[in-house]
Amino acid sequence: MIERPHHVPERLGLLSGAAADPFLTEDLLRGVQGHGGVDLAKVVEPLPEDDARWAVEPLRDLVDDAMFQFKENRTDADGWLAPRLHATLRLTRREAADKRIWNHIALAVAPDYVAWRHLPTASEGKVPRINPVRFMGAPDRQCFSRLWWAAEMFRNGADYTPVVRACSNQDLIHNSLRVSLVDHRPTAQALVRILERGTATTGREINGLITAINTAGATVIYDAFAEDEPRDPWALRQWITDAESAPPVPRHVLPTGPDEEPVREDSVAKLTEYFADLFETAPVRGRTP
Amino acid sequence: MKFYPYKRLNRPIALRVMSATLKLPDGTFDPLDTSAYSVPQRTVALGVAQHEDWISARIGLSATLPPGATDADAPWSGLRVLAVLTDGDTNLRTTVELRQDAPDSKEWSGQIEVLRDDHAGRASLAAYAVATVDGVEGRSITETDADWTVDVVSEEPLGGLRLDVKQAGFSKSAREWLRPYADVPWVIDTSGRLPLVMINTDVEGFSDLLGGNGGGIENKIHELLLSQMATDVWTAVFHSAVGDLEVEPDGSPVFPTDWRGEVLREMLPDVAPGLHVEEALRRVHRRRTDDTGWVELQTRIHYAAVRRAGASKAVANALRALQQMNREDSE
């Protein structure tokens, strides 16, 4: 079993893929034994000292709470952790695009969480292993970056409620991030609304809908009839500055995100109807027309 | 060729960058001169040495629609032109509407805002003409055929593959992961946002040779070594790009959006000649994941790498210099 590392760093740092690779051992992937953490600390590049966001403790507390609260249903931890991870780290997208910070969290800060959430699996006759992409991999697969991006793409300005809804469907967060559909904020909000209304709910239905939206999107530019507000760089910068004095994120109610303009309601409503129509005729595996 | 179930224009939009202005933290603006963007490279470089902390950049755009877009009897209505900035690294999408310069004009112009916090490297800029066709809103009736690149880091508007090159003494480097590689002159790390070449300064005289501008045979050896390194880099980046592909539910691979995508588009025509790049990627992916054919492909991958690294020229130049030296010795 992978336990909390003996040596947990005090500050977040940057861990490059090449430097991290020797620590992605067979024992770790099989969930047998982790590393002490001391040797790993030597290959980490530090982040600036004066930034409160890089303190590890609030993050480590969060994953401990998640593991305690969701031990009966680990998948449900996603919807709880995603907004709280996002509101604790307070990253810009530029910072979040750097995989090294996610490598560091997964390998140095909370390898036990990665192993807890993504259990070793195997095809017939093979030794069960944790998929290595959960430690170091594409942003939509890595254990922590997938949660951060889900929160970033599905939040509606400062409101994380849609993130919780989106995380309740694993196919939605996985596939929509992969095809960059939700880069358009009104599309992301409309997808959540489709889920809420029960128009499409199962993984297969969501996959069918995403494929249909993507296909239609090759000839229809959704931005043209579902407009979004322009982004305001200052709201995010202020939120990041406030990290200095921010208390730990609330455990029972949702935290508050950066004070950005919410998506326009008329855009979301229009797209929701549009997607619902698309879904009527979308090919869905297992659905008889 | 794609088939569209509605009437479209068959020629693309011509999109040009007309200006670029940085907004600085103190609220002032710094207009960049024209060397910050290149029309042939379709690239805007927003990295300026003095202003690493800029907040946002305003890029002035001009788009020319092909003939027929604004005809009175065109089969569409409500024509608009949108400029769309996308960034695969940060999942960002920004859209602005361009304004028609005059009624019935083919020229449209406007500005798009690029926020520094929203990008790590390169973003793509495209333009779409959208209209209502046969009652369907938002149809794209034509678009740009090649995107512009907005590079928030580079100081020069250059297209193509970008590398990070760093020097360090491997045996004593603070980057401890380099220590096991202390006996080689260089290593390549393709796991980051940009491919990185680490040069080992422990090899005596190596960094002088690489950095030097000496004449004669040294120059030629320098060139030869660079092409050798470049061959290694191209081979490594190709393998890392095909080794890390996302796959659609139907099993077909997806083109990566970062440098891996650029590498594949650049090299695939040499690796799988005669095929469209999408088909070439499917073939290469099949070869790698199926039981057969991957080994046979290595020669072609190496060929594609050697061509890009300029090895033929470097070898020929070195040989000529050697011949010349021998001749001078024997005279």
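**View 1. The interface between chain B and chain A.**
In this predicted model, 37 residues of chain B are in contact with 32 residues of chain A, and the two chains bury about 3,300 Å² between them, with 52% of that area on carbon and sulfur atoms. Asn91(B), Arg93(B) and Asp117(B) together supply 20% of the area that chain B buries against chain A, which is more than any other three residues. The interface of the two chains holds 5 salt bridges, and one of the salt bridges in the model pairs Asp117(B) with Arg237(A), whose closest N and O atoms are 2.9 Å apart. Between chain B and chain A, 15 residue pairs are in polar contact. The strands β6 (76-87), β7 (92-100), β9 (122-133), β10 (136-143) and β15 (246-247) of chain B each supply at least two residues of the side that touches chain A, and β10(B) gives the most, with 5 residues. Sorted by class, this side of chain B has 16 nonpolar, 7 polar and 14 charged residues.

**View 2. Helix α14 of chain A and its surroundings.**
Within α14(A), the buried residues are Pro233(A), Ala235(A), Leu236(A), Trp239(A) and Ile240(A). These buried residues pack against α5 (77-89) of chain A together with β8 (107-115) of chain B. The N-terminal end of α14(A) is capped by Asp232(A), a side-chain oxygen of which lies 2.9 Å from the backbone nitrogen of Trp234(A).

**View 3. Arg264(A) in a loop of chain A.**
Arg264(A) is placed in the loop between α14 (233-241) and α15 (265-281) of chain A, and it counts as partly exposed because its relative accessibility is 30%. Leaving aside neighbours within four places in sequence, Arg264(A) is in contact with Glu227(A) and Glu229(A). Arg264(A) and Ala226(A) are 38 residues apart in sequence, while their C-alpha atoms are 8.4 Å apart in space. The side chains of Arg264(A) and Asp266(A) are joined by a polar contact of 3.1 Å.

**View 4. The two domains of chain B and the contact between them.**
Chain B is divided into domain 1 (14-151) and domain 2 (164-322), and the centres of these domains, taken over C-alpha atoms, are separated by 33 Å. In this region, 5 residues of domain 1 are in contact with 4 residues of domain 2, and the area buried between the domains is about 330 Å², of which carbon and sulfur atoms give 43%. Asp89(B), Ala120(B) and Arg122(B) supply 74% of the area that domain 1 buries against domain 2, more than any other three residues. The interface of the two domains has 1 salt bridge and 1 residue pair in polar contact. By class, the side of domain 1 that touches domain 2 has 1 nonpolar, 2 polar and 2 charged residues.

Arg122(B) forms a salt bridge with Glu262(B), the closest N and O atoms being 3.0 Å apart. This pair links distant parts of the chain, with Arg122(B) in strand β9 and Glu262(B) in helix α3 (residues 259-271) of chain B, 140 residues apart. Arg122(B) is buried, with a relative accessible area of 17%, whereas Glu262(B) is partly exposed, with a relative accessible area of 32%. The side chains of Glu266(B) and Arg308(B) also meet in a salt bridge, at 2.9 Å from N to O. Because Glu266(B) lies in helix α3 and Arg308(B) in helix α5 (residues 294-308) of chain B, the pair ties together parts that are 42 residues apart in sequence. Glu266(B) is partly exposed at 36% relative accessible area, and Arg308(B) also counts as partly exposed, at 23% relative accessibility.

Thr190(B) is found in the loop between β13 (186-189) and β14 (196-200) of chain B, and it counts as buried because its relative accessibility is 15%, the cut-off being under 20%. Not counting residues up to four places away in sequence, Thr190(B) touches Ala236(B), Val237(B), Ser240(B), Trp259(B) and Arg260(B). With Ser240(B), the side chain of Thr190(B) also makes a polar contact of 3.4 Å.

Methods: Residues numbered from 1 in each chain as written. Chains lettered and ligands numbered in written order. Predicted model: local features only at pLDDT ≥ 70, side-chain atom pairs only at ≥ 80, totals over all residues. Heavy atoms only, no water. Contact = heavy atoms within 4.5 Å. Buried area = accessible area lost by both parts, 1.4 Å probe. Salt bridge = Lys/Arg side-chain N within 4 Å of Asp/Glu carboxyl O. Polar contact = N/O pair within 3.5 Å; in protein donor to acceptor, adjacent residues only side chain to side chain. Helix = DSSP H or I, 4+ residues; strand = E, 2+ residues; numbered from the N terminus. Nonpolar A, V, L, I, M, F, W, Y, C, P; charged D, E, K, R; others polar. Buried < 20%, exposed > 50% of the residue type's maximum accessible area, 1.4 Å probe, protein only. Domains from an automatic or database assignment.
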